[in-house]
Amino acid sequence: MDETIALIEQSHHGDKEARDNLVKNNLGLVWSIVRRFDNRGYDMEDLFQIGSIGLMKAIDKFDISYEVRFSTYAVPMITGEIKRFLRDDGMIKVSRSLKENAARIRAAEARLYKELGREITLLELSEATGIALEEIVVALEANVEVESIYKSMYQSDGNEVCLADRLPEKRDENELLLNRMLLGQLLEQLQEMERDLIEQRYYQDKTQAQVALSLGISQVQVSRMEKKILLRLRKLAV
């Protein structure tokens with residue numbers, strides 16, 4: 001760990017050899033993350049190159065004052081870079097295995113719907129087909145013949161409910177910690193009133209009307225300010 005921190009410090013001072021050594025030392029980490037995106041229709045070498053870009057960004061942005069290991073910081077950076085590539089590249093290319101899974105899912109869904117007379121849950125589809133929940137989600141998203149997991153299924157208390165809402169939430173505590181640290185840094189760049197607005201809206205869960213009363217401005221002004229601030233924070237976070 002001490003050697004890694006020393007290399008990061010040297011890299012931040014323009015030492016190219018130190019930066020290259022950091023990249024070389026963490027290529028195994030990149031590959032371990034890339035393997036999570038196997039069977040997506042993309043060449044693994046291409047994803048590795050994208051992940052390496054995320055690694056280099058992590059090296060350049062890592063603050064040695066963080067009380068976390070560099071690898072802990074790098075994982076969400078590498079993962080995020082790959083996810084952005086997959087998102088920006090458009091629809092995931094559909095492999096043969098995905099098409100086969102989609103066909104099995106459609107058949108099982110039709111059979112279960114006939115038997116039960118209601119919408120079928122992802123867990124029921126998984127049990128009926130033997131396909132893991134995550135793979136069902138990929139198939140549902142990747143095949144145009146299968147309904148998107150974000151399509152509205154029914155209304156609940158006036159709100160639309162989709163298949164994605166039924167997925168169990170997975171919490172990555174390390175990523176949450178890093179997100180909180182990043183958010184703290186971003187908030188420090190806001191003016192006092194802007195920071196107060198965001199804290200009241202998203203930390204204290206106040207309505208725009210309540211924030212407007214607190215800040216002595218109109219609700220319309222709060223709405224406009226909030227949109228501008230969030231847009232600026234998104235740009236700073238990239």
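The model is a predicted one, in which local features need pLDDT of at least 70 and side-chain atom pairs count only at pLDDT 80 or more, while totals for chains, interfaces and linings use all residues. Residues are numbered from 1 along each chain as its sequence is written, and side-chain values use heavy atoms, with hydrogens and water left out.

The protein chain holds 12 helices and two strands, taken as DSSP runs (H or I, at least four residues, for helices; E, at least two, for strands) and numbered from the N terminus. Their order from the N terminus is α-α-α-α-α-α-α-α-β-β-α-α-α-α. Of the 238 residues, 35% are buried, that is, under 20% relative accessible area with a 1.4 Å probe, protein chains only.

At the start of α4, a side-chain oxygen of Asp 43 comes to within 2.9 Å of the backbone nitrogen of Glu 45. Among the buried residues of α4 are Leu 47, Phe 48, Ile 50, Leu 55 and Ile 59.

Further along, α10 (residues 192–203) and α11 (residues 208–215) pack at an angle of about 145°, their axes 10 Å apart; axes are lines fitted to C-alpha atoms over the stretch in contact, with angles from 0 to 180 degrees between N-to-C directions. Met 193, Asp 196, Leu 197, Gln 200 and Arg 201 of α10 meet Gln 208, Val 211, Ser 214 and Leu 215 of α11.

Conventions: Buried < 20%, exposed > 50% of the residue type's maximum accessible area, 1.4 Å probe, protein only. Polar contact = N/O pair within 3.5 Å; in protein donor to acceptor, adjacent residues only side chain to side chain. Contact = heavy atoms within 4.5 Å.
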